[in-house]
Amino acid sequence: MAKNTKEGAQQTEAAIYQTIIDIFMEQGWDAVTYGSIAKRTGLSRSGIQRVVPTKESMTGAFQGQVFHYVVGLIDSTSHQTIKSTWCTALQEAKFIHCIKYFLGATGVDSSGKEKAAAALEKLFDLYGQSIVIELLGLSVAHLLEVNVDWNESSSGLNKDEG
């Protein structure tokens with residue numbers, strides 16, 4: 001990839017991080033492996049491990065991009081627009097990968113869990129605690145393929161509650 005210079009090392013790191021994001025958004029967190037990164041970048045697995053020594057350290061590649069992607073899809077004009085744009089976003093594979101990662105982070109004791117908790121706090125600040133909890137419940141129902149009336153449920157909540 002890049003020559004053995006400081007600039008080359010930075011370019012290689014940036015390429016690895018971007019590849020992690022690309023694979024994550026296209027295929028989900030489980031698809032992010034040393035092998036998949038090596039295949040896309042042409043780097044050796046050991047070269048990649050020098051930049052990201054563990055799977056957990058790969059979350060450093062996110063650098064807020066995943067959060068910004070998620071909130072970029074949401075119209076926060078009202079409770080109803082937040083809910084409807086969230087539900088529309090649940091039809092997109094990239095959004096689903098983000099939600100699955102977020103929910104999966106609850107089961108691990110890691111920096112990923114800390115990042116997910118920080119993201120949850122930011123969502124609470126942006127939209128309100130009640131609606132975020134409702135959206136996460138709707139997301140779980142969607143992922144479990146449980147039939148849900150998207151228009152029903154706490155429509156009286158607003159951004160200021162929570």
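Reader: Which residues touch the most other members in the largest nonpolar core?

Author: Of the 45 residues in that core, Ile-20, Phe-24 and Trp-86 touch the most other members. A nonpolar core here is a set of buried Ala, Val, Leu, Ile, Met, Phe, Trp, Tyr and Cys residues joined through side-chain atoms within 4.5 Å, where buried means under 20% relative accessible area, exposed over 50% and partly exposed in between, with a 1.4 Å probe and protein chains only. Please keep in mind that this is a predicted model, in which local features need pLDDT of at least 70 and side-chain atom pairs count only at pLDDT 80 or more, while totals for chains, interfaces and linings use all residues. Residues are numbered from 1 along each chain as its sequence is written, and side-chain values use heavy atoms, with hydrogens and water left out.

Reader: Switching to rings, how many aromatic pairs does a search of the whole structure find?

Author: The search finds seven, where rings of Phe, Tyr and Trp (its six-membered ring) pair if their centres lie within 6.5 Å, and planes under 30 degrees apart count as stacked, over 60 as edge-to-face and the rest as tilted. One of them joins Trp-29 and Phe-62, whose ring centres are 5.7 Å apart with the planes at 70°, so this pair is edge-to-face. It links distant parts of the chain, since Trp-29 is in the loop between α1 (6-27) and α2 (34-41) and Phe-62 is in the loop between α3 (45-51) and α4 (65-72), 33 residues apart.

Reader: Are those two buried or exposed?

Author: Trp-29 is buried, with a relative accessible area of 18%, and Phe-62 is buried too, at 7%. Trp-29 also forms an edge-to-face pair with Tyr-101, 5.3 Å centre to centre and with 70° between the planes. Tyr-101 is in helix α6 (residues 93-104), 72 residues apart from Trp-29, and Phe-24, Trp-29, Phe-62 and Tyr-101 form one aromatic cluster.

Reader: Which charged end sits over the ring of Trp-29?

Author: That of Lys-55, 4.6 Å from the ring centre; a charge counts as sitting over a ring if NZ of Lys or CZ of Arg is within 6 Å of the ring centre and within 35 degrees of the ring normal.

Reader: Now the open space: what volume does the largest pocket have?

Author: Its volume is about 380 Å³. On a 1 Å grid over the protein atoms alone, a pocket is an open set of points where a 1.4 Å probe fits, with protein on both sides within 12 Å along at least five of seven lines, and lining residues have an atom within 4 Å of a point. The volume is the space filled by probe spheres set on the points, which are joined across faces, edges and corners.

Reader: Which residues lie nearest its centre?

Author: Among the 20 residues of the lining, Val-66, Phe-67, Lys-115, Ala-116 and Ala-119 do. α7 gives the most to this lining, with seven residues.

Technical notes: Helices (H or I, at least four residues) and strands (E, at least two) are DSSP runs, numbered from the N terminus.
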